[in-house]
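Please look through the structure shown here, beginning with the surroundings of its ligand and then moving on to the way the chain is divided.

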Amino acid sequence: MNNSVPVSDFTVECLKLGKTYPPDITALQNVSLTAAPGEILFVTGVSGAGKSTLLKLICRRESPSGGMVMLFGQNLARIGSAEMQLIRRRIGVAYQDFRLLPDLSVMHNVAMAMEVDYRPRRLIRQRVGRLLEQLGLTDKERRPVSDLSLGEQQRVAVARAAANQPALLLADEPTGNLDEKSGALVMALFRELAAAGTTVIAATHDEKLHRDSGHQVLRLERGCLVEDTRHEKAY
Ligand SMILES: Nc1ncnc2c1ncn2[C@@H]1O[C@H](COP(=O)(O)OP(=O)(O)OP(=O)(O)O)[C@@H](O)[C@H]1O
Ligand SMILES: [Mg+2]
């Protein structure tokens, strides 16, 4: 008899998700979405619409005031911290404020995610080298992050999030400080990861990034989901 827990077809499922920050700031209301392996999904909306809050709820950096998040078929409200640690290893996050270690080199910042996961050194060197090349950062690899421009730091944050070829990549404004050419490099990396099965969820103001991309776009307005291109196509 097969006693295994059924595994969801989706990497992420959010059901009627809500978040109110104290005392009474409603950042998100009744947001439902699904994201499948290999899917790229853009979350758009003006500043304050709730994009970062949604990403933080998905990776349990914040807890919801209502509704539910399922990751890899598991309800995040029902799992303990040890299980959450295992889940976090399958997630790469590029934060809006980067959260890099400024005194360490570019290489070291990107490699760190892989060292935590006990990957062989040779593999780490290869992977980091390739990522930095893909994002146009090879000539900066030995420089401390504090020497880099904002746009360069942003690409380091994306490289670090992608280092472990995560099952889920959350990217918060990954091209906010980038010109069109560097933005295209980031997008090419997202496509490559998605082709290998990663679910990519990117919060962005940058319409150029998602316009005519063919990927699903969710638009938030004052915390509510007001547009979901996938559902429009379905009807
Ligand atoms: N920790 C917090 N405490 C209180 N209010 C918060 C907190 N974080 C976010 N908010 C509020 O929640 C709302 C949504 O914020 P959020 O950061 O999710 O927006 P956003 O769409 O990511 O904006 P931006 O495009 O500027 O990054 C805003 O009104 C914001 O002020
Ligand atoms: Mg934000």
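Helix H1 gives the largest share of the shell around ligand 1, with 3 residues; helices here are DSSP runs of H or I with at least four residues, strands are runs of E with at least two, and both are numbered from the N terminus. The model is a predicted one, in which local features need pLDDT of at least 70 and side-chain atom pairs count only at pLDDT 80 or more, while totals for chains, interfaces and linings use all residues. Residues are numbered from 1 along each chain as its sequence is written, and chains are lettered from A and ligands numbered from 1 in the order in which they are written.

Around ligand 1 there are 13 residues, of which Tyr 21, Ala 27, Ser 47, Ser 52 and Thr 53 come nearest, a residue being near when its C-beta atom, placed from the backbone, lies within 6 Å of the molecule or strand in question. Two or more residues of this shell are given by strand E2 (25-35) and by helix H1 (51-58). Sorted by class, the shell holds 4 nonpolar, 8 polar and 1 charged residues, where Ala, Val, Leu, Ile, Met, Phe, Trp, Tyr, Cys and Pro count as nonpolar, Asp, Glu, Lys and Arg as charged, and the others, Gly among them, as polar.

The chain as a whole is assigned to domain 1 (1-90 + 169-235) and domain 2 (99-165), with bounds that come from an automatic or database domain assignment. Taken over C-alpha atoms, the centres of domain 1 and domain 2 are separated by 23 Å, and 14 residues of domain 1 are in contact with 12 residues of domain 2, contact meaning that the C-beta atoms of two residues, placed from the backbone, lie within 7 Å. On the side of domain 1 that touches domain 2, strand E7 (168-172) and helix H6 (180-195) each supply at least two residues, and the largest share, 5 residues, comes from H6.

Helix H3 (residues 106-116) has buried residues that include Val 106, Asn 109 and Met 114, and the buried residues of H3 pack against H4 and H5. Val 145 lies in the loop between helix H4 (121-134) and helix H5 (150-162). Why does Val 145 count as buried? Val 145 counts as buried because it has 20 C-beta neighbours inside 10 Å; a residue is buried with 20 or more other C-beta atoms within 10 Å of its own, exposed with 12 or fewer, and partly exposed in between, with C-beta atoms placed from the backbone. Beyond its neighbours within four places in sequence, the contacts of Val 145 include Leu 101, Val 106, Asn 109 and Val 156.
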